[in-house]
Amino acid sequence: MRSQSTNHLINYILHLADDSLILGHRNSEWCGHGPVLEQDIAITNISLDLIGQGRNFYQYAAKLTNESTPDPSFAATEDTLAYLRDIRQFKNCLLVEQPNGDWAQTILRQFLFSAYQFYLYQQLQNSNDETLAAIAEKSLKEVTYHLRWSSEWVIRLGDGTSESHQRMLNAIDELWVYTGELLIAASYELRAMSTQQGVDLTILKPKWEEKVKDIFVEATLPWPGERFQQIGGKEGKHSEHLGYILAELQYMQRAYPGCEW
Amino acid sequence: MSVQDLEKIFQGKIDDEIKIEPKDWMPEKYRQSLIRQVSQHAHSEIVGMLPEGNWITRAPSLKRKAILLAKVQDEAGHGLYLYSATETLGVTREQTINDLHSGKAKYSSIFNYPTLTWADIGAIGWLVDGAAILNQVMLTRTSFGPYARAMVRICKEESFHQRQGFEILLVLSTGSKEQKEMCQDAINRWWWPSLMMFGPHDSESTHFDQSMKWKIKRKSNDELRQNFVDMIAEQVKVLRMTLPDPELKWKEKTGHYDFGEINWEEFWNVVKGNGPCNRQRLEARRKAWQDGQWVREAAGAYSEKRKVRSQAA
């Protein structure tokens, strides 16, 4: 029987994994369709980093799952976790599953998420779980670049032409409603925080706000302030978009179960 | 110095295996021929991202997804080197890209075929990249310096691409009944289009003699195609699959495989725009470029503003 605390930890890790995988998946939809070749390469790079982080987390979650429920007939792997769970079991936040929209929307989504992930990993490096701390340390190097790249683009588009400015305003309108959830802890996050395996989101909140404010000022974009927030993704209550992401992502494993690839 | 003298010096360098560099004098036809060929090569890399990109979101495992994503990203990188090589010949990237979008410039016809199953990703790596490598290895010795150097970098990555393609098929070939069928089906569909990648017979090739004299090309289409058949006919045995050519046969006397005649009607049809995906491929490239217009303008406007600000400061 798996203990309650292991369950919480696995859920916490799956949440971290799902965030990375789903955003990586969304970004990968740009590959071959970017606005300019150099940026096509950059967004693909970010996508690769995120999928890589997702894999590290899934592998760790699979290990813990197998240790706590030694069922030889079904061993969890990174692929069973990514490809054989259904929508209600996915624990990513709503922000990362939102459609790419135009380049402004993709950039803003990346920036809002990278700013969160940057401070998250910075804290997670201090986790008393060595594996989580190690993944965080490795990933932080990547996220530092994601944050710089997306910040530069927010500024460029916000302070570029009147069209790009307007498109950034539209993107803020579209995405701001999903930012609150990033910093509201789900039950497994509270538990992980209390055992010092996870991160205290209340510490992150002012840092995230300060970073986003600074970049918005430089980008001549208004601070959206308090607005109604949609939440639920981290508890498995997603937008309708995620179902279609999973339909594509999981297609092969569902159509040809039990195969090696 | 007269043009005749310049031409003599130019051909002398070529004969002595000295690379032609962008600032060197070169016959206008040599320049035009290279612009055509290098830009066509660049476009092929970029359009080639589309059929494989078609499977990125559906790759069957996280490992395969990561490898495929990295591979398609490599193609974008190759496109970049090659657009840069084209720029050394005096045409901008924008002009070159406009020629693709207007239909004036061509790209490799192979990318006008659809990727229907996951096995197609394996077949592209193995057959399409395999065919491309033979051509590109030859081009590492091409007479124009920037093109030859770009090819050296590209070849290193392409051999990894071919291996990953073969490995995808190898796993399928030892898998379930459906996987084996998928594998054979992909080989059946990609084999002939891969042979077409080497272009028309030497006797039909318009630029052949001049390209050989200028050492832009170092081997003929038919020679390269034969090398490819000899290589693949052996590798397919490892997969325990077959190539869809009843005339394929080892000839002791020549030391080569004999093979059947390509369907040239199909070849010319696809070249002329009637392949299964010609419209979609070009449309996808045009759309990406048009949708990106405001982004490129914003980037330009912002960098202009920064310049002004730093001058004022």
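Biologist: Let's start with B:Thr86, which sits in helix α4 (residues 62–87) of chain B. What makes B:Thr86 count as buried?

Modeller: This is a predicted model, and in it B:Thr86 has a relative accessible area of 0%. Buried means under 20%, so B:Thr86 is buried.

Biologist: Which residues does B:Thr86 touch, beyond those up to four places away in sequence?

Modeller: Its partners there are B:Ile35, B:Val38, B:Ser39, B:Val91 and B:Thr96.

Biologist: What share of the residues of chain B count as buried?

Modeller: That share is 54% of the 313 residues. As for contacts in chain B between residues at least 6 apart in sequence, 76% of them join residues at least 24 apart.

Biologist: Now B:Val238, found in helix α10 (residues 221–239) of chain B. Why is B:Val238 called exposed?

Modeller: Its relative accessible area is 53%. The cut-off for exposed is over 50%, so B:Val238 is exposed. Setting aside neighbours within four places in sequence, B:Val238 is still in contact with B:Phe166 and B:Leu170. B:Phe166 is 72 residues from B:Val238 in sequence, with 9.9 Å between their C-alpha atoms.

Biologist: Good, let's look at a helix pair in chain A. Why are α1(A) and α10(A) called roughly perpendicular?

Modeller: The axes of helix α1 (residues 4–28) and helix α10 (residues 241–249) of chain A cross at roughly 80° and come within 11 Å. Angles of 65 to 115 degrees count as roughly perpendicular, so α1(A) and α10(A) are roughly perpendicular to each other.

Biologist: Which residues meet where α1(A) and α10(A) are in contact?

Modeller: From α1(A) come A:Leu21, A:Ile22, A:His25 and A:Arg26, and from α10(A) come A:His241, A:Leu242, A:Ile245 and A:Leu249. Sorted by class, this contact has 5 nonpolar, 2 polar and 1 charged residues.

Biologist: What makes the phi of A:Thr220 worth a look?

Modeller: Most residues other than glycine have a negative phi. A:Thr220 is not glycine, and its phi is positive, near 55°. A:Thr220 lies in the loop between α9 (201–218) and α10 of chain A.

Biologist: And where in chain B is B:Glu17, with its positive phi of about 65°?

Modeller: B:Glu17 is in the loop between α1 (3–15) and α2 (28–47) of chain B. B:Glu17 is not a glycine either.

Biologist: Last one, on the largest nonpolar core: which of its 177 residues touch the most other members?

Modeller: Those are A:Trp103 and B:Tyr30.

Definitions and conventions
Residues are numbered from 1 along each chain as its sequence is written. Chains are lettered from A and ligands numbered from 1 in the order in which they are written. This is a predicted model: local features need pLDDT of at least 70, side-chain atom pairs count only at pLDDT 80 or more; totals for chains, interfaces and linings use all residues. Side-chain values use heavy atoms; hydrogens and water are left out. Helices (H or I, at least four residues) and strands (E, at least two) are DSSP runs, numbered from the N terminus. Buried means under 20% relative accessible area, exposed over 50%, partly exposed in between (1.4 Å probe, protein chains only). Contact means heavy atoms within 4.5 Å. Axes are lines fitted to C-alpha atoms, for helices over the stretch in contact, and angles run from 0 to 180 degrees between N-to-C directions. Angles under 35 degrees count as roughly parallel, over 145 as roughly antiparallel, 65 to 115 as roughly perpendicular and the rest as oblique. Ala, Val, Leu, Ile, Met, Phe, Trp, Tyr, Cys and Pro count as nonpolar, Asp, Glu, Lys and Arg as charged, and the others, Gly among them, as polar. A nonpolar core is a set of buried Ala, Val, Leu, Ile, Met, Phe, Trp, Tyr and Cys residues joined through side-chain atoms within 4.5 Å.
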